[in-house]
Amino acid sequence: MLDRVYAAKMGNYAVKLLQNGKYNRVVAIQRDAVVDFDIQQALAMKKTIDYNALEICKMISK
């Protein structure tokens, strides 16, 4: 259910960005807050994988 809440919050935030004339943004959750980044900045960010969470996802998706 948390994924739906995050999706709703992020979607709402993205619409507000567009209404304010802000384009080429990436919307994300960071430390339980909805944030946005310039798309080029987001693409340049170092990405990490939570391998424990990945294994949990694999187990529950069977």
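The structure is a predicted model. Its mean pLDDT is 95, and 100% of the residues in the chain reach 70 or more.

**Confidence by element**
- Strand β2, residues 33–38, has the highest mean pLDDT among the elements of the chain, at 97.
- Helix α3, residues 51–60, has the lowest, at 95.

**Helix α1 and what comes after**
- Helix α1 covers residues 2–19.
- From first C-alpha to last, the 18 residues of α1 reach 26 Å, close to the 26 Å expected at 1.5 Å a residue.
- Just after α1 you will find Gly21, with a positive phi of about 75°.

**The β1–β2 hairpin**
- Strand β1 (residues 25–30) and β2 run antiparallel, joined by six bridges.
- To find your way along the pair, look for Val26, which stands opposite Phe37 in β2.
- Two residues lie between the strands of this hairpin, and Arg31 in the turn has a positive phi of about 55°.

- Met1, Leu2 and Val5 together make a nonpolar surface patch of about 340 Å².
- Val5 is part of helix α1.
- Val5 counts as partly exposed because its relative accessibility is 34%, and partly exposed covers the range between under 20% (buried) and over 50% (exposed).

Definitions and conventions
Residues are numbered from 1 along each chain as its sequence is written. This is a predicted model: local features need pLDDT of at least 70, side-chain atom pairs count only at pLDDT 80 or more; totals for chains, interfaces and linings use all residues. Side-chain values use heavy atoms; hydrogens and water are left out. pLDDT is the predictor's confidence in each residue, from 0 to 100. Helices (H or I, at least four residues) and strands (E, at least two) are DSSP runs, numbered from the N terminus. Patches are made of residues with over 30% relative accessible area and no salt bridge: like charges are joined within 9 Å, nonpolar side chains (Val, Leu, Ile, Met, Phe, Trp, Tyr) within 5 Å. Accessible areas come from the Shrake-Rupley method with a 1.4 Å probe; for residues, only the protein chains shown count as cover. A salt bridge is a side-chain nitrogen of Lys or Arg within 4 Å of a carboxyl oxygen of Asp or Glu. Buried means under 20% relative accessible area, exposed over 50%, partly exposed in between (1.4 Å probe, protein chains only). Two strands pair if DSSP finds at least two bridges between them. The expected span of a helix is 1.5 Å times one less than its number of residues.
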